[in-house]
Amino acid sequence: MKHRILSILLLFGYIVGVQDGFVALWKDGQDRPIEVFPYSAVMLPKVDQERLRDGIPIDNLNELHRLLEDYLS
């Protein structure tokens, strides 16, 4: 059921970015993140920090998992 709900929500898209210096996930179009991860964005390479500041659009569940694994591992 949870996977089905996430799949439905992903129809609207997500944005991965930075909130108060930490990697965060927003539902596209929302002002507040739905999740803030305990990973400081300053620990990432400058190129990734810039991408996060601009916001990285996520189109599907696989892309979301891959990106989070890259940034949070």
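1. Start with helix α3, residues 61-72. In this predicted model, helix α3 lies across β1, β2, β3 and β4. Its direction runs at about 140° to that of β4.

2. Now the sheet itself. Four strands make up an open sheet. Read across, the order is β3-β2-β1-β4, with antiparallel pairing. The edges are β3, residues 35-40, and β4, residues 56-58. Each of these edge strands pairs on one side only. On average, neighbouring strands are turned by 30° against each other, direction ignored.

3. Look next at the pairing of β2 with β3. Strand β2 spans residues 22-27. Three bridges join β2 to β3, and the two run antiparallel. For a landmark, take Phe22: opposite this residue stands Ser40, in β3. In general, strands of a sheet pair through backbone hydrogen bonds.

4. Is Gln49 buried or exposed? Its relative accessible area is 9%, and buried means under 20%, so Gln49 counts as buried.

5. Which residues does Gln49 contact, leaving aside its neighbours within four places in sequence? They are Ala41, Val42 and Leu44.

Terms used:
Residues are numbered from 1 along each chain as its sequence is written. This is a predicted model: local features need pLDDT of at least 70, side-chain atom pairs count only at pLDDT 80 or more; totals for chains, interfaces and linings use all residues. Side-chain values use heavy atoms; hydrogens and water are left out. Two strands pair if DSSP finds at least two bridges between them. Axes are lines fitted to C-alpha atoms, for helices over the stretch in contact, and angles run from 0 to 180 degrees between N-to-C directions. Contact means heavy atoms within 4.5 Å. Buried means under 20% relative accessible area, exposed over 50%, partly exposed in between (1.4 Å probe, protein chains only).
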